[in-house]
Structures are given as C-alpha cells and as structure tokens.
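Hi everyone, thanks for making time this morning. I'd like to walk you through a structure, step by step, and please look along with me.

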Amino acid sequence: MSVHDELTSVQRCLDDLFRSLGRLEQHVDSGGLEMRRVRADADHLRESVALLRDAAPGLGQTRRPELVSIPDTPYDSTLWTDSDDEGLGARDRHAP
C-alpha cells in the first residue's frame, strides 16, 4: 500500500472511532473525566494524522523553503562598529 492509502485507512478508522465515541457518550456520562480524556485523546490523534498527511511526500500542500545563498565574502566591518560582544560588553567600556 502507498502512504496515501495508509493515511486514508487511518483516517477512516479515526472516523469510525469518533462515531463510536458519539454512541458511547449516549450511554455513559459524557461530562465525566474519563470520557473527556478519551475525546481529547481522539482529537489529538486526528491532529497528528493531519500533520502526517501534511508531511507525507506528494500529499500535503507544504512547500520546500526557498534556499538563500550566503556569500563567502566578509561582511562590511562598519556594520559592527557600535555593537556589543556577547558576554563581554561594548569595546570601549570595562566590565563592572
């Protein structure tokens, strides 16, 4: 099976789970802590499958980030004239 088929199968199973939970809530106290935890866990599963679908190659709408080339030439030293060295402070001041 392809990744798309597997994810579709998992989605169908989750849909069945949600239908079963709806029927179960009619028989069990739906405001109880246990039922809320099961519902929250099922929601987390649904979110995780959605993230997997987005991350799967060829399935999601995710785009590869554009690559930015960084030149090998040194930066202009005037960019750093008034900057502080991390942990050392400014060049013209002494540490307390």
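One thing before we start: what you see is a predicted model. The protein has 96 residues, and buried residues make up 10% of them. In terms of secondary structure, there are two helices and zero strands. The accessible surface comes to about 8,700 Å², and carbon and sulfur atoms account for 55% of that. Now think about contacts between residues at least 6 apart in sequence: 51% of these join residues at least 24 apart.

Let's go to helix α2, which runs over residues 33–55.

Which residues of α2 are buried? They are Met 35, Ala 42 and Val 49. If you turn the model to see what they face, you'll find that these buried residues pack against α1, residues 3–27.

Val 38 also sits in helix α2. Is Val 38 buried or partly exposed? Its relative accessible area is 37%, so Val 38 counts as partly exposed.

Now for the charged pairs. Here is a general idea to keep in mind: side chains of opposite charge can pair when their charged atoms come close. How many salt bridges does this structure hold? There are three.

Let's take Arg 46 and Asp 15. They form a salt bridge, with the closest N and O atoms 3.3 Å apart. Arg 46 belongs to helix α2 and Asp 15 to helix α1, so this pair ties together parts that are 31 residues apart in sequence. Both partners are partly exposed: Arg 46 has a relative accessible area of 32%, and Asp 15 has 26%.

Next come Arg 39 and Glu 25, whose side chains meet in a salt bridge at 2.8 Å, N to O. This pair, too, links distant parts of the chain, with Arg 39 in helix α2 and Glu 25 in helix α1, 14 residues apart. Arg 39 has a relative accessibility of 21%, so it counts as partly exposed. Glu 25 is partly exposed as well, at 22%.

The remaining pair is Asp 16 with Arg 19, where the closest N and O atoms are 2.2 Å apart. Where do these two residues lie? Both are in helix α1, three residues apart, which is about one turn of the helix. Asp 16 is partly exposed, with a relative accessible area of 40%, and Arg 19 is partly exposed at 47%.

Finally, let's visit the surface. Ile 70, Tyr 75, Leu 79 and Trp 80 form a nonpolar patch there, and together they have about 510 Å² of accessible area. Pick out Tyr 75, which lies in the segment after α2. Is Tyr 75 buried or exposed? The cut-off for exposed is over 50% relative accessible area, and Tyr 75 has 60%, so it is exposed.

That's my tour, and I'm happy to take questions.

Definitions and conventions
Residues are numbered from 1 along each chain as its sequence is written. This is a predicted model: local features need pLDDT of at least 70, side-chain atom pairs count only at pLDDT 80 or more; totals for chains, interfaces and linings use all residues. Side-chain values use heavy atoms; hydrogens and water are left out. Helices (H or I, at least four residues) and strands (E, at least two) are DSSP runs, numbered from the N terminus. The expected span of a helix is 1.5 Å times one less than its number of residues. Buried means under 20% relative accessible area, exposed over 50%, partly exposed in between (1.4 Å probe, protein chains only). Contact means heavy atoms within 4.5 Å. Patches are made of residues with over 30% relative accessible area and no salt bridge: like charges are joined within 9 Å, nonpolar side chains (Val, Leu, Ile, Met, Phe, Trp, Tyr) within 5 Å. Accessible areas come from the Shrake-Rupley method with a 1.4 Å probe; for residues, only the protein chains shown count as cover. A salt bridge is a side-chain nitrogen of Lys or Arg within 4 Å of a carboxyl oxygen of Asp or Glu.
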